[in-house]
Amino acid sequence: MSLYNRVNQIDLSHSLHLVLVLVERWKIIFNGEFSQRGSQNAWVSPRRISQHHRKPSFSDQKGRTASFYSLHDTDDDLPSTWKDVFQVQKSNDSRCRREQDVVFVDEDEPQLVKTTDLEVKLPNCKRDARIYYPSRDDPESIEICFGDIDSLAPGTFLTSQIMNFYIRYLQQQASPTNRAIHDYHFFNTYFYPKLKEAVSFKGSDKDALFIKFRRWWKGVSIFQKAYVLIPINEDFHWSLIIICIPDKEDESGPIILHLDSLGLHSSRSVFSNIISYMSEEWNYLNQEVAASDLPIADKIWENLPIMIDEKTIAVPQQKNYHDCGLFVLFFMERFIEEAPQRLKKKDLAMFGEQWFRPEEASSLRVKIRNLLIQQFQSASEAIGGSQSSPSS
């Protein structure tokens, strides 16, 4: 077979795969299993999801606080999808029982994975009840409505609210004295569309637009960080970019990693956008910052745009069409646990299709659900306690 025919065959296979994914996802959307709230919400600012009048706050188990708003009501306000969420669902690629989830480890051999009772009881909350994680006072707090939990039902797709909650949760789990986590920068799910808009702009005031765009990382020196993590959502699919900045002594350029649990996103297109973003930031900093203040070797910095390396990373693949968000979050979690202080090319051996078992990523669905329900329970109890306490 000629190279031309082989390339065409690969492109056709990829296109058919994408069509199948989109068909499956539209089926779920039209069946009403996809939370519609995800497409109706946008951040008011890049640093904070929502601005509202100040409300009381409650403390979680680690001493952090999560603010609440309008929390308790009758069982009638519970999301209908969660009242019977653990009954057997009629679905071709996901089945759920009250105490078990089916995770497809092998295409032909589904295995039952215990989920410890899918433990936490739902509190009596209105669907529009909301909390702010980790607290109302946090400039990067995440607003979560009780109805957002719907997108954690089996067979559904994670919304940006859920993705951003768990990204923030991963940041909060690190000790404030842990220097390693301070060498990471996490962008939220709304960042990449803004990045594409900024780097593709062709107008005469492009520089002014980029300066405005820089508010997304105000006060953060991207090239000082060891790692920059960027979740990507396109074509009803999630993937992850990790920008790795090497040690100055390495005299090597940054490495961009693309992790995709279905291989649906075009790495070439994503790399092009990320490199354009890094080049624009490099141009800006060249006018503002001395190269000696950056952790990149001078001769690398002088030619940075052509010194950036790109790697499409082989990773474990999901066995269904709805766990891509969970895989992106698990990529982040696992990477934070295992990555060296600064990545070298030899460290890329940590990845691979055997990096972890796919069901480990899929099990995050239950973990995140329980974390959120515990947050709402704590908020509900705090309200009840304040209402029953005698006034002084």
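This note comments on the predicted model above, point by point.

1. Basis of the model. The structure is a predicted model, in which local features need pLDDT of at least 70, side-chain atom pairs count only at pLDDT 80 or more, and totals for chains, interfaces and linings use all residues. Residues are numbered from 1 along each chain as its sequence is written, and side-chain values use heavy atoms, with hydrogens and water left out.

2. Confidence. The predictor's confidence in each residue is given as pLDDT, on a scale from 0 to 100. For the protein chain the mean pLDDT is 75, and 62% of the residues reach 70 or more.

3. Helices α6 and α7. Helices (H or I, at least four residues) and strands (E, at least two) are DSSP runs, numbered from the N terminus. Helix α6 covers residues 206-213 and helix α7 residues 267-288; they pack at an angle of about 95°, with their axes 11 Å apart. Axes are lines fitted to C-alpha atoms, for helices over the stretch in contact, and angles run from 0 to 180 degrees between N-to-C directions. The two helices are therefore roughly perpendicular, a class that spans 65 to 115 degrees, whereas angles under 35 count as roughly parallel, over 145 as roughly antiparallel and the rest as oblique. From α6, Lys206, Phe210, Ile211 and Phe213 meet Tyr277, Glu280, Glu281 and Tyr284 of α7. Five residues of this contact are nonpolar, none is polar and three are charged. Here Ala, Val, Leu, Ile, Met, Phe, Trp, Tyr, Cys and Pro count as nonpolar, Asp, Glu, Lys and Arg as charged, and the others, Gly among them, as polar.

4. Helices α5 and α7. Helix α5 (residues 191-200) packs against α7 at about 70°, with the axes 9 Å apart, which makes α5 roughly perpendicular to α7. The contact includes Phe191, Leu195 and Val199 of α5, and Val270, Ile274 and Tyr277 of α7. Its residues divide into seven nonpolar, three polar and one charged.

5. Nonpolar cores. A nonpolar core is a set of buried Ala, Val, Leu, Ile, Met, Phe, Trp, Tyr and Cys residues joined through side-chain atoms within 4.5 Å. Buried means under 20% relative accessible area, exposed over 50%, and partly exposed in between (1.4 Å probe, protein chains only). The largest core has 54 residues, of which Tyr227, Leu259, Phe335 and Ile368 touch the most other members. Helix α10 (residues 324-338) gives the most to this core, with nine residues. Among the residues that leucine 259 touches beyond four places in sequence are Leu240, Ile313, Phe331 and Trp355. A second, separate core of 36 residues includes Phe191, Val199, Leu285 and Ile300.

6. Backbone details. The peptide bond from tyrosine 133 to proline 134 is cis, with omega near 0°; proline 134 is found in the loop between β6 (130-133) and β7 (142-145). Aspartate 235 has a positive phi, near 55°, although it is a residue other than glycine. This aspartate lies in the loop between β9 and β10 (237-244) and is partly exposed, at 46% relative accessible area. Phenylalanine 236, in the loop between β9 and β10, has a positive phi of about 60° and is partly exposed at 34%.

Key. Contact means heavy atoms within 4.5 Å.
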